[in-house]
Number of protein chains: 2
Amino acid sequence: MTAPSFPVTEIVASRRPHRKDAARNYDALLAAAREAFAEHGAEASLEDIARRAGVGIGTLYRNFPTRRHLFESVYADEVNTLVRVAQELADQEPWEALTAWLDRFAGYMVTKRAVREALNDESEIFAACRDSMYAAGGPLFARAQEAGEARRDMDFVELLRMVAGITATAFDDDAQRDRVLSIALDGVRASR
Amino acid sequence: MTAPSFPVTEIVASRRPHRKDAARNYDALLAAAREAFAEHGAEASLEDIARRAGVGIGTLYRNFPTRRHLFESVYADEVNTLVRVAQELADQEPWEALTAWLDRFAGYMVTKRAVREALNDESEIFAACRDSMYAAGGPLFARAQEAGEARRDMDFVELLRMVAGITATAFDDDAQRDRVLSIALDGVRASR
DNA sequence: ACTCTAGCGGAGGCAACCCTCCGCTTCAAC
DNA sequence: GTTGAAGCGGAGGGTTGCCTCCGCTAGAGT
């Protein structure tokens, strides 16, 4: 397997400040935001996020001038991780690599509830994230298709939307969610 | 008592008033609410709903004392329709009947975005709706399983959640949504 | 240690929404 | 037609969230 070392272009939606206390606050805000977005979707209250992070509302606005900036930062973080994971999976078997990546996609996208909207959003950062994600996962899917493992009458965008939709749904537990996801993925396998 | 028609127990979440003007307002509110819930999810603004219906906010509250009453009424309406549809499909082929019903489920549930939560809600009306829906669609699924068309290692609740999840996602158009849905349903087919 | 500036918190003005309450309107029964 | 009650609309008080602004704090460079 040729390990394709194409450059990892990190997407950055806002700059982490230099000063120590400021950097700490920045991180706390991102973590709090991730949590809040996961819980309440993209409409989560900004004041609540500041409260969770233990900082004033002013600090939130200084780091992230708009709700969109904040959300994009959380989202970009997760996309960057997924890009990295895709590279690590490059030497696995085609179908296993694809499902493993989709699993990470499903599990890591903490902003679940909001991702569905983000997948269709038109802003610059979101577009960059989308491209980045397609560039990362798309080849895994193409490889599975070429190996005759995945059906050809489906494109990668559709696959991601399918997984995102199922993942965003409430299940009794993770095991149930995984079972349903794997059933749906059975439909993605090429029929021989 | 002639055999064929078993009783359709209609679920009623709130009473339609007798007076003519009042009944008109009631209907307008339900229609506006269906629209607003479809657009903004279960958190849609009640004042906006009253505005859309062209009635005062007071009228909304008189008919539906709480947000939940209103949402339940819209939801119950749709469930009742799905129950009726299931009965009409009773004489189709097993797999076709099942997919046709799921299609209606996917398409008719205008409250899409909110259904996922409703499927897990514990309130009395929601529980009744859930039971009603399982009673309607469950047999279709069981029949498909017995005919060897649907896999047996899945239950009806999981199937509904899968469909609801995919349906709630944003797609480019209905055709794309249907394609993805049918791919996922391929995974539900029994492997021979 | 000193300074000076980046960074901080939160008060406060504004808007949206929730829900109640009550004086006015309109239906329908007689 | 009359009339009583059911129904109506929306003002208004409370709450929550958005975002700005500014006097204070504390880190970083010297």
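In this predicted model, the crossing of helices α4(B) and α7(B) is left-handed. Helix α4 covers residues 67-88 of chain B and helix α7 covers residues 124-146 of chain B, and their axes lie 9 Å apart at an angle of about 15 degrees. Angles under 35 degrees count as roughly parallel, so α4(B) and α7(B) are roughly parallel to each other. On the α4(B) side, the contact is made by R68(B), F71(B), E72(B), Y75(B), A76(B), V79(B), L82(B), V83(B) and A86(B). Helix α7(B) brings I125(B), F126(B), C129(B), S132(B), M133(B), A136(B) and L140(B) to the contact. Sorted by class, the residues of this contact come out as 13 nonpolar, one polar and two charged.

Helix α1 (residues 20-40) of chain A and helix α4 (residues 67-88) of chain A have axes that come within 10 Å and cross at roughly 90 degrees. That angle makes α1(A) roughly perpendicular to α4(A). From α1(A), the residues L30(A), A33(A), R34(A) and F37(A) meet R67(A), L70(A), F71(A), S73(A), V74(A), D77(A) and E78(A) in α4(A). Here the class count is six nonpolar, one polar and four charged residues.

Further along chain A, helix α8 (residues 156-168) and helix α9 (residues 174-188) have axes that come within 10 Å and cross at roughly 160 degrees. Angles over 145 degrees count as roughly antiparallel, and α8(A) is therefore roughly antiparallel to α9(A). The crossing of α8(A) with α9(A) is right-handed. L159(A), M162(A), V163(A), I166(A) and T167(A) make the contact from α8(A), while R177(A), V180(A), L181(A), A184(A), L185(A) and V188(A) make it from α9(A). Nine of the residues in the contact of α8(A) with α9(A) are nonpolar, one is polar and one is charged.

One stretch of chain A also carries a label from a record. An unreviewed UniProt entry places the feature "DNA-binding region" at residues 45-64 of chain A. Over residues 45-64 of chain A, the chain is 75% helix and 0% strand, with the end C-alpha atoms 14 Å apart.

Finally, there is the matter of how the two chains relate. Chain A is superposed on chain B by a rotation of 180 degrees with 0.0 Å of shift along its axis, at an RMSD of 0.1 Å. The two copies are thus related as by a two-fold rotation axis. Both copies use the same surface, with 100% of the contact residues of chain A recurring in chain B.

Notes. Residues are numbered from 1 along each chain as its sequence is written. Chains are lettered from A and ligands numbered from 1 in the order in which they are written. This is a predicted model: local features need pLDDT of at least 70, side-chain atom pairs count only at pLDDT 80 or more; totals for chains, interfaces and linings use all residues. Side-chain values use heavy atoms; hydrogens and water are left out. Axes are lines fitted to C-alpha atoms, for helices over the stretch in contact, and angles run from 0 to 180 degrees between N-to-C directions. Helices (H or I, at least four residues) and strands (E, at least two) are DSSP runs, numbered from the N terminus. Angles under 35 degrees count as roughly parallel, over 145 as roughly antiparallel, 65 to 115 as roughly perpendicular and the rest as oblique. A crossing is left-handed if the near helix is turned anticlockwise from the far one by less than a right angle, and right-handed if clockwise. Contact means heavy atoms within 4.5 Å. Ala, Val, Leu, Ile, Met, Phe, Trp, Tyr, Cys and Pro count as nonpolar, Asp, Glu, Lys and Arg as charged, and the others, Gly among them, as polar. Copies are superposed by least squares on the C-alpha atoms of residues with pLDDT of at least 70 in both. UniProt positions are given in the numbering used here, feature names are shortened, and annotations may be inferred rather than shown by experiment.
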